[in-house]
Amino acid sequence: MHPPAGAGQFDNSLIATTALAYVGRWGGMACVDANRFRSGQCREFVDCVVSLASGGRIWPVDPNGNYQVGFSSVGAVPVAPAAATEGDIIQIGDHDDSDPLHTAIVLSNHGDGTYTVVDANWVGQPLIRELVGVHDWTPPAAAQFWRLGSVNPNTPGWQMPKNGAAYGAQAPDTAINPAPPAPTVSTDAVNGLASGTITVRSTDADPTHPAVRMQYWVDGKSDTAIDNAPGGALLPLDTTTLPDGPHVITTQAMAADGAISALSAPITINVTNHKQAIAVAAPTTPLLSGTVPLNVGAAPAADLAKETLTVDGVAQPQPPAASSVLNLDTSTLVAGPHQISVAVTNREGQTVTWGPVIVTVTGAATGPRAALPSATAGHSDLVAVDATGRLLRYPWVADGTFGVPQPIADGFADVTSLVAGHFAGPAGAVQLLAVRKDGSAHLYGFDATGKAVDQGTVTGAPWNTFTRLAAGVFSKGGPEAVVGIDAAGHAQLITISVPAAGGPVAATVPAAAGAPAAGAPAALGAPVAAPNAAAAPVKPALTAAVQGLPASPVLAGAVTIEAVPGADGADKLLSVDGTGAVVAYTLTGPQGFVPDLGTPTGPAVPTVKLTTPAPAATPVAGDFAGSTPELMVTGADGQTWIVSPDHPDRPSQGAAFVSDAAVEATPHTPGQRLILPAD
């Protein structure tokens, strides 16, 4: 006798035809339509199909989770496998832990132990899960067959041919409706470390065609289906229901018609709810500057009491409340390598530590660089080539302090040397000489906006033989010249000129034409394009006159050279050797550059010993701090210093490069070391 729910009082074939309506769709759509739980697993799909076919009267679910009892308790009757017909249900296994385990609805019994069935979570595996499909199947001998509806004994069982041809069902490997692309999945766990409740987000791969819901899978098992939203479907995952250790999460997108996507790329979380653990997401770049965030994940998160960031063995001040982000303030550190670690402590006093790891704090670009006159009289801006090949200008702000870098040219990645000076063209115009890896040299002027403009190639000098370059007026009243030093210590004095037939490089900005654009340095004497600027101007050929000078063994041993103004109106040549010692040289005509031994009316210029790491790299002379010219050098560890050759008793002073446009003009006292944040 059937129970009052009505089992046996409807056509058994309705179970089959109801299931067929979902072929190519997500199995959970049947449960959505039945207003039941949202799962497309094989067992849940059949439960919901039975509910729909019976008009909601039958719900074959055992409260204790026994699948076979679920059918028998609502009046289903067992049938022999040979007698199974359309609408009968094949159930293998009693509960979730059974192996094998599957549920399917019979479409046809072929009499040889094979059946054409419709089910969920079989067709489309493993990439597309919980898909409803039709296929041929030979269930194992332990399978139980159940019948819930009525079968007319006078009507032979309707036979569907194998592979479902009568219903026009596609072959199992193609029985998939057009579906949305696989979504992306992410969590708020730091480096995958999870404890307590975490948020899992499933996001449309194609936001212009959003899915209506997202199905979550945890370790290959169906979890929760959540209605989609513009920001993605958010699943609060209680990790305390999972054992400690790694777990894999994937998701599927579902269209309005029930079509489902392939699984997303998996992500792995490491659940730690029973022991203290830590993960830190640190910057991947080896060079750090400014404020560096360290994203901290700790488990169990609810038990976290405090976090401690330690730099070089010293705990750093942090906000009192535990936070997911700790900030490393590099402005309190000198440039170079530092050891950092992060420790988390729980309420029971247990502490675990991430690290220590070594990071390097750095400053302005240490590639080719030079000094240009600043808009502030008596001071110098710094120009430098960064790692991407951009030429940047760091405007002088205060003593030893520079503001936000301003890009003034691209395409300098192959430049090996930069020298600033007035070499050719209108009087007072400051130019840059750039030597490239191929041995060519180009002269650059500046337009009205302060951008660098290529004025032509300089020929006539063996640019690729020089290992060090400097520019200055080395004889009183003489022209500005470039000094090139080769590896053997030979110095060559080079002057640049424009052939008469070539005409001027560019015309100087007329006073009536208006002032330079806002932000353009006032002291550049910027040239402008010729009046017929509509046609591309032909760059003149610039020539170099070379005067060979005697070899200097001391210069041969110099790691770097630079020119600084001398007291008699002629520039001196400074060399920095491998020990960090600085020596001044003067040009004495036939003898070339010789060490400055002083004059009858004045003392000799003493040797200055740099306190920076030797060898010092990419030197540049300019007015960066104080009232006398200084030499800016950078050590092998990226630390930059300003030293004054005229005041050897003055301690070296760190140069500060800041990335904030609003810079306070704060003088730096002698001996003060400041970090060099980002260029």
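Are Arg147 and Asp88 buried or exposed? In this predicted model, in which local features need pLDDT of at least 70, side-chain atom pairs count only at pLDDT 80 or more, and totals for chains, interfaces and linings use all residues, Arg147 is buried, and so is Asp88. Residues are numbered from 1 along each chain as its sequence is written, and side-chain values use heavy atoms, with hydrogens and water left out. Buried denotes under 20% relative accessible area, exposed over 50%, and partly exposed the range in between (1.4 Å probe, protein chains only).

The side chains of Arg147 and Asp88 meet in a salt bridge, with an N to O distance of 2.9 Å. Arg147 belongs to strand β6 (residues 144-147) and Asp88 to the loop between β1 (77-79) and β2 (89-92), so this pair ties together parts that are 59 residues apart in sequence. Helices (H or I, at least four residues) and strands (E, at least two) are DSSP runs, numbered from the N terminus.

In total, the structure contains five salt bridges, each defined as a side-chain nitrogen of Lys or Arg within 4 Å of a carboxyl oxygen of Asp or Glu. One of them joins Arg43 and Asp47 (1.7 Å, N to O). Both residues of this pair lie in helix α3 (residues 42-53), four residues apart, or about one turn of the helix. Arg43 and Asp47 are both buried.

A salt bridge is also formed by Arg436 and Asp414, whose closest N and O atoms are 2.4 Å apart. Distant parts of the chain are linked by this pair: Arg436 is in strand β30 (residues 431-436), and Asp414, 22 residues apart, is in the loop between β28 (406-409) and β29 (415-421). Arg436 is buried, at a relative accessible area of 12%, whereas Asp414, at 29% relative accessibility, counts as partly exposed.
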